[in-house]
Amino acid sequence: MERLVSNWYNHRALPESYICPPETRPGKLSIPSGDTIPVVNLGEALINRSNTILNVLRASQKFGFFQVVNHGVSEKVLNDTMNVVEEFFKMPMEEKASLYSEDPNKVCRLYTSNINYGTEKYHFWRDILKHHCHPLDDCIKLWPQKPTRYRDVIRTFSVEGKKLGLAILELLTEGLGLESGYFKKDLSEAMLLVANHYPPCPDPSLTLGLPKHCDPNLITILLQGHTFGLQVFKDGQWIGVQPLPNALVVNIGHQLRIVSNNKLKSAEHRAVTNSKVARTTVGLFISSSEDSIIEPAKSLTNAAQPPLYRAFRYKEFLSYYFSMMGDTELALQPFKLPFNQSVIS
């Protein structure tokens, strides 16, 4: 429990164990503001669905990241969610102690840095609350009991967020030419909530809140709040994701990249810190059930465009992904097929 950054950040200088290797430090370089990820108005789908599909598809192909506005999740739900999560992280240490755990298999837990704190070479400047959201009626019983409205607020956010995620997946389904409902049922059954809290940092140039990585799941819906910190890696440079009022950030995960046979991009991203204010984000990670078979969609492969990945169970991928500490290419390597192999073995 004493390892939580929020317990000691304002009492000491940046510990050496949080200083990243020189090649991964964010440094003091300003992030270009002219080029940013696309913003898609989902409300236009009611008038011109085909154009909305095209915008979502292009953003997923070129960036693997985009923001959505007029997405159907109310401003009240977004504000309530951010407020209750911020309230959780501000609670006294003794009120959160029962949730702290270094066991990665615990359904609901509070921890710090990353999944492998005890073995990682250096630490990251964040505290994390993580819990499952499916099946909802079972998982909610294990969520934090304080703040007292946490469960009601996050239940609403998780339901609305899942609905939005499935709607975006259906737009991509149509854009890729897949059968309607392709991602329903076990391919999008599971969902995980991850709330990250990044306290003010004494030297943001030397450390990271989150290292460069791609998400392992299908698709992620992120409420990033009003503070800069999220960056996407594109064409050899980092692009800052500008916080927009009432927008949600969407990013493509590895599983969607695989199912699309590389037609969609799973983008590398990271979180940087700042020295002035705390930053809190709330992410919903929509994923397949652990026993689901993941493979390139049959309708997207043929003799000219053979499958690029073998079939595998999602839990196999997750195990390898975390052992590789999220390294993008290493995580995918064992699942790739030889270039000239046209059938999945």
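Is E102 buried, exposed or partly exposed? E102 is partly exposed at a relative accessible area of 43%; buried means under 20%, exposed over 50%, and partly exposed in between (1.4 Å probe, protein chains only).

The model is predicted: local features need pLDDT of at least 70, side-chain atom pairs count only at pLDDT 80 or more, and totals for chains, interfaces and linings use all residues. Residues are numbered from 1 along each chain as its sequence is written, and side-chain values use heavy atoms, with hydrogens and water left out.

**View 1. Salt bridge between R3 and E102.** The closest N and O atoms are 2.7 Å apart. A salt bridge here is a side-chain nitrogen of Lys or Arg within 4 Å of a carboxyl oxygen of Asp or Glu. R3 sits in the segment before helix 1 (5–8), and E102 in the loop between helix 4 (93–96) and strand 3 (108–112). The pair links distant parts of the chain, 99 residues apart. Helices (H or I, at least four residues) and strands (E, at least two) are DSSP runs, numbered from the N terminus. R3 is partly exposed, at 31% relative accessibility.

**View 2. Salt bridge between R49 and E174.** N to O, the side chains meet at 2.5 Å. R49 belongs to helix 2 (residues 49–62) and E174 to helix 6 (residues 150–176), so the contact ties together parts 125 residues apart in sequence. R49 is partly exposed at 34% relative accessibility. E174 is partly exposed at 35%.

**View 3. Salt bridge between K234 and D235.** The closest N and O atoms lie 2.7 Å apart. K234 is buried, at 8% relative accessibility, whereas D235 is exposed, at 67%.

**Overall count.** The model has 11 salt bridges by this rule.
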